[in-house]
Amino acid sequence: MPRPTCLLVLACIALLAGCAEPSADAPDLILHNAAVWTADDARPTAQAVAVRDGAFAAVGSDEEVLPLAGPGTEVIDLEGRFVTPGFIDTHVHLASAARFLEFNVMRTTTQEAFEERVQDVVGRLPEGEWILGGYWGAYDQWAAGSAGGERREPFTPDLRRVEALTRAHPMFIRKFDGSAFAANAAALEAAGLDPQNP
């Protein structure tokens, strides 16, 4: 019969061997001691996050998240620094980006499609609201789905064909590169110009 000391040594070796194997569920990265904004209204802030395979595996307090670390987990103390998920600055001008959401005809290639976009935006805006943006011609150098070798037919919107539709909405839009602008009669009148003789 083995002595108790041998059993204790064998048990310790088995325990250490088990600990050395990385857990499949252990996160790759833990950020803790941080000011985390979660973007979750139910729990807007947290102290720590665990990331596994490029996705959040856990969000919570240091006490909740730190015990999830395995032997291969990188643990970083952020010393109170701010963390926000998914914020990637790709040099976006936020004011212009917001305009893209209002009225954007960058992908529009025909007058008919342009008129449909105008109909859509007029249906969403209260009377008197300006229609700004436009950005037509952004993709004139290539056709959709091409790698740049195929040019598409350049498109310029004709605002005369949407005058009746935009009578209650001053409209001032621009070409993507700023080389051309278009205004409807309501916009010219708002600027104090005679639409018949601007």
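**Note on the predicted model: salt bridges, strand pairing and surface**

1. R124 and D120 join their side chains in a salt bridge, at 3.3 Å from N to O. A salt bridge here is a side-chain nitrogen of Lys or Arg within 4 Å of a carboxyl oxygen of Asp or Glu. Because R124 and D120 are four residues apart in helix α4 (residues 111-124), about one helical turn separates them. R124 is partly exposed, with a relative accessible area of 48%, and D120 is likewise partly exposed, at 37%. The classes are as follows: buried means under 20% relative accessible area, exposed over 50%, and partly exposed in between (1.4 Å probe, protein chains only).

2. On the basis of the values: this is a predicted model, in which local features need pLDDT of at least 70 and side-chain atom pairs count only at pLDDT 80 or more, while totals for chains, interfaces and linings use all residues. Residues are numbered from 1 along each chain as its sequence is written, and side-chain values use heavy atoms, with hydrogens and water left out.

3. On the overall content: the protein has five helices and 10 strands. Helices (H or I, at least four residues) and strands (E, at least two) are DSSP runs, numbered from the N terminus. Of its 198 residues, 29% count as buried. The accessible surface comes to about 13300 Å², and carbon and sulfur atoms hold 56% of that area; such areas come from the Shrake-Rupley method with a 1.4 Å probe, and for residues only the protein chains shown count as cover. Among contacts between residues at least 6 apart in sequence, 57% join residues at least 24 apart, a contact being heavy atoms within 4.5 Å.

4. On the other salt bridges: the search of the whole structure finds seven. One of them joins D158 and R160, with 3.0 Å from N to O; R160 counts as exposed, at 68% relative accessibility. Another joins E79 to R81, where the closest N and O atoms are 4.0 Å apart, and E79 is exposed at 59%. E112, E115 and R161 are linked in a network of salt bridges. In general, side chains of opposite charge can pair when their charged atoms come close.

5. D62, in helix α2 (residues 62-65), is buried yet has no salt bridge, and R43, the nearest side chain of opposite charge, is 9.9 Å away. In this count Lys and Arg are positive and Asp and Glu negative, whereas His and the chain ends are not counted. Leaving aside residues up to four places away in sequence, D62 touches H32, N33, Q47, A48 and P67.

6. On the three-stranded sheet: this open sheet has the order β3-β2-β7, with mixed pairing. Its edge strands are β3 (45-46) and β7 (82-83), each of which pairs on one side only. Two strands pair if DSSP finds at least two bridges between them. Strand β2 (residues 35-37) and β3 pair in the antiparallel sense over two bridges, and T45 in β3 is the bridge partner of W37.

7. On the strands around β9: strand β8 (residues 131-136) pairs with β9 in the parallel sense over five bridges, and W136 stands opposite K175 in β9. Strand β10 (residues 181-183) runs antiparallel to β9, joined to β9 by three bridges, and I173 has A182 in β10 as its bridge partner. β9 and β10 form a hairpin with five residues between them, and G178 in the turn has a positive phi of about 75°.

8. On the nonpolar surface: W130, F172 and F181 form a nonpolar patch with about 310 Å² of accessible area together. Patches are made of residues with over 30% relative accessible area and no salt bridge, with like charges joined within 9 Å and nonpolar side chains (Val, Leu, Ile, Met, Phe, Trp, Tyr) within 5 Å. F172 belongs to strand β9 (residues 171-175) and is partly exposed, with a relative accessible area of 38%.

9. Apart from residues up to four places away in sequence, P195 touches A185, L188 and E189. The C-alpha atoms of P195 and A183 are separated by 9.6 Å, the two residues being 12 apart along the chain.
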